[in-house]
Amino acid sequence: MNRRWTALAIGALLVATAAVYLPAVDGEFLLDDDTMLADPLVHSLGARGPEDWLGAARPLTTFTFALNHAAVGSDPRGWHLTNLAIHLCVALLAWAFARRTLARAGMAAPDAPALLAAALFALHPLQTESVAYVSQRAESLASGLLLLGLVILLAHDGERTAARRWALLSAAAFVQILGMLTKEIAALLPAAWLLHAAIIPGAGDPPEGGAAARVRRRLLPAVPLLLLSAAFAARSLAAVQGSVHAGFGVPDLSPARYLATQLRVVPTYLRLSVWPTGQCADWWFPASEGFLEPRVIAGALFLAAIVAGAVVLALRAAKAPGEAGEARAVSFGILFFFLGLTPSSSVIPLIDPLAEHRVYLGVLGLAIAAAAAGRWAVRRFLPRRAVVAAWVAAAALLVALATATALRAAAWNSRLELWTDAAEKAPRKARVQLNLGTALFFRQRFGEAAVAFRRAKALADDHTVTRDDVILNLVGALTALGRVDEARGELDEELRRSPRSTVALGLLAQVEYVAGRTAHAEVAARRALSGDPGNPQALKYLGRISSERGDLLSARDLLRSATMAQPLDTSLYLDLGNVDVRLRDLRSACANFRRAATDPRSPWVASKARESYRTNGCK
C-alpha cells in the first residue's frame, strides 16, 4: 500500500470506529462514575497544588476528569467524546506499533496486515467497556501511553548515535511515568520492550545473536525503566493496603485461590476475544477453591499449550525463512496478550476476578497474531487469489465486529438497559442487583427497585456492596413508595445490629420526616450528627426542618454542608435554591437551580429545578 492509500484506509478506520461508538455518546454515568464525579479534585481544576494531584490514586486520569468538568460540567456527552477521542488515538498508536512489529519481524509489505490488526483492535466488542464507561478511560489512556513508549523504544533500538539513544530513552521514561500516573498497567513498558526484543530481532541486533543476546543488549538501558516500574508497583500495593476490593486484604480470597481462579478467567478472555458473545458489565465469576479443581487443571493445561506453542513458533522462525516473519509476529502477539494481563491475572487478588476492560491492551496482541496468521493462511492455501481472499475475509470479519460493537455500545447508553442485561447474566451478584435497583429508582419504578435492593441485601455476603449502601437505597425506595413503616422496620433491624450506625440514624431522620414526625426526625438527625458531623441525610433533613420553621440562615448552612458531604444529591441544590429565594438572594438561587437542573439521573428534580429557574426569572 502506498502512503496515500494507507492514509485513506486509516482515516476510514477512524471514521468507522467513531460511528460504531455513537450509540454510547449520550450514555449515562455509571458505576464508579458517581464516585469520580464526587471527587473534590474533579471540581477544583485550578485551586489545587501539585501535591494534591499527586496524592490521587491515578493523578493523570483524575486530571482529565477535571478538564472535562471544567469544559462541560456534568453533561455526559463531552466526557464520552473524550473517551472516544482517546480510543481513536490509541488505534493510531496500535497501527504504528503493529507496522513496526510486522516489518521488524520480516514480513514483506506490512502496511495491510498492520492496518487489519489496528482495525481488529479498534472495532472489537471487548473494547466497549474501556470506551463507553467513562471511568475506564484509565485503561485506554494508560494503554495508549504504553504503546507510545514502545514505539519510542523501538526507534531507540535502531538509532546509531548515543546522544539520540539517550534522548529517546529519556522520552520513553517520561511517557512511562505519565502512563503509570494514569493506571498501573503502564509499568509493563520495559517488560514489553524486552519481550519484543526476545522474539523479534531489531535493526541494530547482530544477525548471529539469539534471543538471550538481544535481551542482554537492552538490559542496561532498561534498568531505569524497570526501577520506575518497581517503585510504582510498591506505591500501588501500599495504596490498596487494608482495602477489601484489591490487594491482600480481599475477604476470602488468598493469592493462591486468586491465581487458581485466573486459570479459568484467562481462557474466558480468550474465548471472548475469538467469539465475543455473553458480554456482561459486571461478571459473576466465583473463585476457585484450589488448583486441583478439574476446570482449573484444564485451564492451566490449555494456557500452557498456547504459551508453549508461541515459544516453539519463535524458536522455529529461524528454520523457516520464508515464513519467519509470520511466525515471529504470531508468537509475539500471543505472548503480548498474556503479558498485558499480568497486573490483573496473577497473584494480587481483586474482588472482581474478571472484568472486560482489563483485556483492552491484550486484544492488540491477539490482533497482531491474527493478522499475521491470516496473511500466512491465504498465501499458503489460496496463493492465486491471496489478495482477493484476504480483503473479502477481512471485510466480512470487520463488519461483523463493528456490528457487534455498535450493539454493545448501545447497551452502555442506558443505565437501565445495561443493568437489566447484567442481572440476566449475573443474577447472583449483589452489586448487579444494587445497580439495577438504582436504575429502576431513577426511572421512578420504586416497587421494582425495592425488589432489586432486597436481592442485593440477601447477596451482600459476596462483599461487592456494603450494608450501608444497600440499606440507604432500600429505605429510599420504600419511602418513595410511602411504605414508611416498612422502611422504619428495616432501620430498626439495622440499629439492633449496630446501635450507633450513623447511616441508619440519618436514614431514620428521613423516614420520620416523610412520615410527618418532625420532632422524631430532628432527634434522629442530631444523634447521627453527634457520631458523624458530615452525615448528609441528617444535614439534609435538619436543613428542611429549619427551613419550615423559618430559620433560613441555619437551613442554608445545613444544606450547604450537606452538598459538601453528598455533592451528587441534586435535590439539595433544589432545596438550597428555594431557601435562597426566600432570603432574596436570587443570584445564588439561580446558580443552585441551574446545578439541580443538570442531573440526568433524576428527571423529577431536574424538571422542578428548571421550572423554578424560569419562575424566578433566572437567565
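Predicted model: local features only at pLDDT ≥ 70, side-chain atom pairs only at ≥ 80, totals over all residues.
**Exercise 1. The disulfide**

Find which cysteines are joined by a disulfide, and work out its handedness.

Solution. 
- Search the whole structure: one disulfide turns up.
- Identify the partners: Cys 590 is joined to Cys 618, with an S to S distance of 1.9 Å.
- Take the torsion about the S-S bond: it is about -80°, so the disulfide is left-handed.
- Check burial: both Cys 590 and Cys 618 are buried.

**Exercise 2. Gln 262**

Decide whether Gln 262 is buried or exposed, and find which side chain it meets in a polar contact.

Solution. 
- Locate Gln 262: it belongs to helix H12 (residues 255–274).
- Read its relative accessibility: the value is 2%, and buried means under 20%, so Gln 262 is buried.
- Look for the polar partner: the side chains of Gln 262 and Ser 345 make a polar contact of 2.7 Å.
- List neighbours, leaving out residues up to four places away in sequence: Gln 262 touches Pro 267, Ser 344, Ser 345, Ser 346 and Pro 353.

**Exercise 3. An aromatic pair**

Classify the pairing of Tyr 513 and Tyr 541.

Solution. 
- Start with the total: the structure has twelve aromatic pairs.
- Take the geometry of Tyr 513 and Tyr 541: 5.2 Å centre to centre, with 50° between the planes, a tilted pair.
- Check burial: Tyr 513 and Tyr 541 are both buried.

How values were computed: Residues numbered from 1 in each chain as written. Heavy atoms only, no water. Phe/Tyr/Trp six-rings, centres within 6.5 Å; stacked < 30°, edge-to-face > 60°. Buried < 20%, exposed > 50% of the residue type's maximum accessible area, 1.4 Å probe, protein only. Helix = DSSP H or I, 4+ residues; strand = E, 2+ residues; numbered from the N terminus. Polar contact = N/O pair within 3.5 Å; in protein donor to acceptor, adjacent residues only side chain to side chain. Contact = heavy atoms within 4.5 Å. Disulfide = S-S within 2.5 Å.
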